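I opened my notebook to work through one protein chain, bit by bit. Here is what I looked up, in the order I did it.

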Amino acid sequence: MYDTHVDLIVREMALPTDDGLFAGPLADIASMNAAWKGHGTIGDFRPSFVRHIYPILSAIAQVGRSYDGPDFNFHHPFLDPAGYGDLGGPSSVEDTRKFIFAVIRDPGTLLKKSNPIEPLMMPAILGDYYGEANGRGGEKDPAYFHSVSQVQYALLRAWSEGKFEADWTGAAPPPSTKITPEGLDRAALENAVGGPFFPGIEAGWLFARKEAFRAPFRVAKGKTVGRAAVPVKPGQPPQKRDIVLEAGAFSQQMAQPWQADFLMCRSEVPFKDGRKIGWWPVQRPEKVFLSATSDKRLTWARHKDGSGFDERYLAMVDEWSTLGFLVGEDDALIEVDGPAPLVG
């Protein structure tokens, strides 16, 4: 969700002139914002491999450890930090950079329903228009799939063309332990899902709208941003009401109880070849590992006795607090604090 909001800031927002953060820790956002106003892209901004490119590639590589989706062998060399020397160091290989960029889905292709779908591109994630709405949606709509943000795609393009800072030295720098204002914003947003918004996990599509914010990272509290049909009572037709930015505004599209949607939204097999496409694989894992070296996947949603939740909604309601967490260990996502690992 941090990436989603940065994309909104860079492309659509005016930066406050009295906020020193955009002359300091967030200066890269300010530089991209200025470039986008003039060029519709990041212009001459040179992304840092460590700060801008590595987080994207690492996330794509890691997602295969949370569900048994497409063949992730292509990404495996880059699960080892040493492998990024060929991508982000002084000896970066142009052909490799361009090969990787060529398989990243262009977010521009999702804007028009008439564009061809690209089911083999990355990320292998379902999109905002998985279902039909507003004249869009379905398996023949390119937005049936998700993509990196427009800003991320521009950063990746610059990297593929060699227009980046080759600052990789063999390992990602450790995260800062210093508490800062901008760090608190980022910590809250980075641990939430920024798409697809169908409807999302922590928040829906409203979070990606400029009118919902009075300034970067600041919600326009109390503002009316439109009207929507919402259910009032079971069995009665929805009624139109104002969408006001108040407590619950961003989560009003979520399922109730949330556990029902959470149980089902793990992955889909929409095509005849049997490939799985994920929903929110890290937020809602499907198959996990218990160690960095293990080659055995376990069902994530399982009871204390090891049996699977299957389609039992009440099990997710009653036992959701027993589910494990995915954490990074030796540069690999593993499950910790989960139920007994009796069933794979």
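My entries start with ground rules, then go from the whole chain down to single residues.

**Ground rules**

This is a predicted model, so I noted that local features need pLDDT of at least 70 and side-chain atom pairs count only at pLDDT 80 or more, while totals for chains, interfaces and linings use all residues. Residues are numbered from 1 along each chain as its sequence is written, and side-chain values use heavy atoms, with hydrogens and water left out.

**Entry 1: the whole chain**

I looked up the secondary structure and got nine helices and 10 strands. Helices (H or I, at least four residues) and strands (E, at least two) are DSSP runs, numbered from the N terminus.

Next I checked the overall dimensions. The C-alpha atoms fill a box of roughly 55 × 50 × 45 Å along the principal axes.

The accessible surface comes to about 18,000 Å², and 54% of it belongs to carbon and sulfur atoms. These areas come from the Shrake-Rupley method with a 1.4 Å probe, and for residues only the protein chains shown count as cover.

How much of the chain is buried? Buried residues make up 45% of the 344 residues. Buried means under 20% relative accessible area, exposed means over 50%, and partly exposed is in between (1.4 Å probe, protein chains only).

I also looked at contacts, meaning heavy atoms within 4.5 Å. Among contacts between residues at least 6 apart in sequence, 61% join residues at least 24 apart.

**Entry 2: helix 2**

I picked helix 2, residues 27–39, and found 13 residues in it. Helix 2 reaches 18 Å from its first C-alpha to its last, close to the expected 18 Å at 1.5 Å a residue. The expected span is 1.5 Å times one less than the number of residues.

Which residues of helix 2 are buried? I listed D28, I29, A30, M32, N33, A35 and W36. Those buried residues pack against helix 1 (2–12), helix 3 (49–62) and helix 6 (150–160). After helix 2 comes G40, with a positive phi near 70°.

**Entry 3: L156 in helix 6**

Helix 6 had come up as a packing partner of helix 2, and I looked up L156, which sits in helix 6. L156 is buried, with a relative accessible area of 1%. Leaving out neighbours within four places in sequence, L156 is in contact with I53, I56, L57, F101 and I104. I also took one distance: L156 and E202 are 46 residues apart in sequence and 27 Å apart in space, C-alpha to C-alpha.

**Entry 4: salt bridges**

I counted 12 salt bridges. A salt bridge here is a side-chain nitrogen of Lys or Arg within 4 Å of a carboxyl oxygen of Asp or Glu.

R11 pairs with E12, the closest N and O atoms being 3.7 Å apart. R11 is partly exposed at 26% relative accessible area, and E12 is partly exposed at 34%.

D185 pairs with R218 at 3.3 Å between the closest N and O atoms. D185 lies in helix 7 (residues 181–190) and R218 in strand 2 (residues 218–219), so this pair ties together parts 33 residues apart in sequence. R218 is partly exposed at 35%.

D242 and R227 meet at 2.8 Å, N to O. D242 is in strand 4 (residues 239–244) and R227 in strand 3 (residues 224–230), so this pair ties together parts 15 residues apart in sequence. D242 counts as partly exposed at 35% relative accessibility. Salt bridges that share partners also join D7, R11 and E12 into one network.

I found D261 in helix 8 (residues 258–264). Apart from neighbours within four places in sequence, D261 is in contact with P199 and A255.
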